[in-house]
Amino acid sequence: MRRFLLLLSYSLLLVGCNAEPSLQKYFVKKSEQQNFTVLDLSPEIFNLEGSKLNRDEKSALKSFDKVNLLVFRADSTAGKSFDVESKALKSILKDKKYELLMKVGSGKDGASISYIGKDDEHIDEFVIYAAKKGNGIAVARVLGKNMNPTGVMTILSLIRKSNIDTKQLEPLKNLMKG
């Protein structure tokens with residue numbers, strides 16, 4: 001019995017310590033490094049209280065949990081770093097769990113939209129990746145439950161209607177100034 005419990009504990013430890021790279025691990029690792037900024041944006045940023053939303057808008061907003069945004073700002077000292085970070089992110093996004101919806105650009109400049117979900121009508125995570133050699137890299141993880149592309153477009157249209165809480169965007173504004 002003791003040997004069984006030891007084996008079970010060891011197995012759980014191995015399963016829990018998955019060494020595979022993931023976007024979540026990448027975000028955590030990079031959050032404290034120079035040239036990186038990480039923001040977590042909640043649905044409250046839209047500040048839509050009192051707004052009249054139609055059924056589709058309410059449904060889209062209900063399916064949306066948060067956005068994790070990672071920005072790597074390229075500067076004159078970050079030339080090699082840009083290549084390293086771009087390669088690392090592209091490698092993570094090649095994982096089978098990410099389904100590619102769209103890709104534009106080529107070489108070091110480009111963007112892609114991928115998702116994780118059962119199918120394109122039950123999406124738990126959209127990943128938007130954009131890179132430009134002179135500017136940097138941005139990765140957004142749009143997290144939710146049973147999202148779909150139409151709902152994400154609806155959420156984007158809500159941004160235009162919203163009275164965005166700019167306090168959540170201060171780190172991004174500071175990044176753009178520097």
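## A leucine and its neighbours

Leaving out residues within four places in sequence, L48 is in contact (heavy atoms within 4.5 Å) with L53, L61, L158, K161 and S162.

Before going further, a word on the model: it is predicted, so local features need pLDDT of at least 70 and side-chain atom pairs count only at pLDDT 80 or more, while totals for chains, interfaces and linings use all residues. Residues are numbered from 1 along each chain as its sequence is written, and side-chain values use heavy atoms, with hydrogens and water left out.

## Two nonpolar cores

A nonpolar core is a set of buried Ala, Val, Leu, Ile, Met, Phe, Trp, Tyr and Cys residues joined through side-chain atoms within 4.5 Å. Buried means under 20% relative accessible area, exposed means over 50%, and partly exposed lies in between (1.4 Å probe, protein chains only).

The largest core here has 21 residues, and L48 is among those with the most contacts inside it, as are F46, L61 and F64. At least two residues each come from several elements, including strand 1 (36–41), helix 3 (55–63) and strand 2 (64–73). Helices (H or I, at least four residues) and strands (E, at least two) are DSSP runs, numbered from the N terminus. Strand 2 gives the most to this core, with four residues. A second, separate core has 18 residues, including F27, I92, V127 and I137.

## A buried charged pair

Which residue forms a salt bridge with E85? The partner is K30, with the closest N and O atoms 3.1 Å apart. A salt bridge is a side-chain nitrogen of Lys or Arg within 4 Å of a carboxyl oxygen of Asp or Glu. E85 sits in helix 4 and K30 in helix 2 (residues 23–30), 55 residues apart, so this pair links distant parts of the chain.

Both partners are buried: E85 has a relative accessible area of 8%, and K30 has 7%. Setting aside residues up to four places away in sequence, E85 also touches Y26, F36, F72 and I137, among others.

The whole structure has five salt bridges. In one of them, D65 and K145 meet at 3.2 Å, N to O. D65 lies in strand 2 and K145 in strand 6, so the pair ties together parts 80 residues apart in sequence. D65 is partly exposed at 34%, whereas K145 is exposed at 54%.
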